[in-house]
Amino acid sequence: MKPYITFTLFVLCSILAQAQSYRDTLFQHHTLTHPKLKTFEIHVTKSSSAKKRPLILYLDGSGTYPIFYQNKAGRFSTSVPLDVRRYSKDYYVALISKPGTPFKDSLRYTTSGRAYYPESELYKTLYSLDWRAEAASEAIDYLLKKLPIDVDKIIVMGYSEGAQVAPKVAVLNKKVTHVVSLVGNALNHLFDFILEARLKAERQQISPEESQAIVDSLYREYAKIYQNPQAIDQSWYGATYLKWSSFSKTTPLENMLKLDIPILYVAGGKDNNQTILGMDYAKLEFLRQGKNNLTYKVYPRCNHFFQEENDVDGNIKRIDRIDEVHQFAIEWINGVSKK
């Protein structure tokens, strides 16, 4: 999965007029300290009821942005594409801030006007698949002690890079009952760059020789990463060797195959950030191994952000279907839970 690709998604998410009010009225904030994970924050929706309700732990995509971030115009947006307020009526919805990253802050801008958010030293030191998965597992254990949670529905739902993390969380924490992975690769995410180079040649966007040169250069970079898997002072494509190696140590598919709980895997057929080819392979592998706990759902015309693109009289019209995707996931959870 390419780093920072979810930044584009951010501008598609709902804009919040009053982030402070949203934070105060919807979320409770918990700070946990762990010898390995250090200090990290959990944000969970409030409830005045003592009635048990299911838990959705939502894992957002890659990048350093806070969960809520303010642009130069003073408006707030979110890195979480889920309509949290909608589902907070029936579920506890929990989010986790990335290491050393606040829940809410303003973006910074380069002299050319590009928005960014600076990496903290803690982020650079800790950010990895292991950190994200272990923090999520710890969060589940913590929230089970603090809230009246329906233990029959402890759902880990991940988007993009978060979709790579979600199966790992369920491997670590046996309390998880359902996994939902949205547009996340199944195979080694370094393979995506190789696939992209090969597909460009197939589409005649570059020559076969240019494609091969790219692949050869990628293998040289990957060798460096695997030779220095813990390095945080060396980086490639905007992320540390630690980050890349951790997300490549085991594949999401390997983790999914370890699970016997229901898994929903959702792809976009026109996803240019996460090719559907590797996701298709996951379904084939489940069939090959005789496992029937994977539901594979494809939105054929949707891109990585679940925007459907259609040609109408020579003009491209986009329809946002992200809310539909999340509602499908909720209905799937309720459906498999009744079986």
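**Entry 1: helix H7.** I started with what covers the buried residues of H7, and the cover includes helix H8 (208–227), strand E12 (235–236), helix H9 (241–249) and H11. I am reading a predicted model here. The buried residues themselves are Asp192, Phe193, Ile194, Leu195, Ala197 and Ala201. I checked the span of H7 too: its 12 residues reach 16 Å from first C-alpha to last, close to the 16 Å expected at 1.5 Å a residue. Just past the end of H7, I found Gln204 with a positive phi of about 65 degrees.

**Entry 2: the second largest pocket.** I looked up its volume and got about 260 Å³. It has 17 lining residues, and those closest to the centre are Leu199, Arg203, Asp271, Asn272 and Thr275. Which elements give two or more residues to this lining? They are helix H7 (191–202) and helix H11 (276–288). H7 provides the largest share, five residues. Sorting the lining by class, I noted seven charged, six polar and four nonpolar residues.

**Entry 3: aromatic rings.** I counted 15 aromatic pairs. In one of them, the ring centres of Tyr219 and Tyr222 are 6.4 Å apart with planes at 85 degrees, so I filed the pair as edge-to-face. Both tyrosines sit in helix H8, three residues apart, about one turn of the helix. Are they buried or exposed? Tyr219 is partly exposed, at 49% relative accessibility, whereas Tyr222 is buried at 6%.

Next I took Tyr265 and Tyr296, whose ring centres are 5.9 Å apart with planes at 35 degrees, so this pair is tilted. It links distant parts of the chain, with Tyr265 in strand E14 (residues 263–268) and Tyr296 in strand E15, 31 residues apart. Tyr265 is buried, at 1% relative accessibility.

I also wrote down one aromatic cluster, formed by Phe193, Tyr219, Tyr222, Trp236, Tyr237 and Trp244. Phe193 is one of the buried residues of H7 from my first entry.

**Entry 4: positive phi values.** Most residues other than glycine have a negative phi, so I went looking for exceptions. Ser160 is one, with phi near 55 degrees. I found Ser160 in the loop between strand E10 (149–159) and helix H6 (161–172), and it is buried, with a relative accessible area of 0%. Phe306 also has a positive phi, about 55 degrees, although it is not a glycine. Its place is the loop between strand E15 (294–299) and strand E16 (307–312). Phe306 is buried, with a relative accessible area of 0%.

Entry 5: I opened up the second largest cavity, which holds about 80 Å³ of space. Its lining includes Tyr58, Asp60, Ile67, Lys98, Trp131 and Arg132. Strand E3 (53–59), strand E6 (92–96) and helix H5 (129–146) each supply at least two of the lining residues. By class, I noted seven nonpolar, three charged and one polar.

**Entry 6: a buried asparagine.** Last, I looked up Asn255, which has its place in helix H10 (residues 252–257). Asn255 counts as buried, at 1% relative accessibility. What does Asn255 touch, leaving aside neighbours within four places in sequence? I listed Pro167, Lys168, Val171 and Thr250 as its contacts.

Technical notes:
Residues numbered from 1 in each chain as written. Predicted model: local features only at pLDDT ≥ 70, side-chain atom pairs only at ≥ 80, totals over all residues. Heavy atoms only, no water. 1 Å grid on protein atoms, 1.4 Å probe; cavity = no way out; pocket = protein on both sides within 12 Å on 5 of 7 lines; lining within 4 Å. Points joined across faces, edges and corners; volume = space filled by probe spheres on them. Helix = DSSP H or I, 4+ residues; strand = E, 2+ residues; numbered from the N terminus. Nonpolar A, V, L, I, M, F, W, Y, C, P; charged D, E, K, R; others polar. Buried < 20%, exposed > 50% of the residue type's maximum accessible area, 1.4 Å probe, protein only. Contact = heavy atoms within 4.5 Å. Expected span 1.5 Å × (residues − 1). Phe/Tyr/Trp six-rings, centres within 6.5 Å; stacked < 30°, edge-to-face > 60°.
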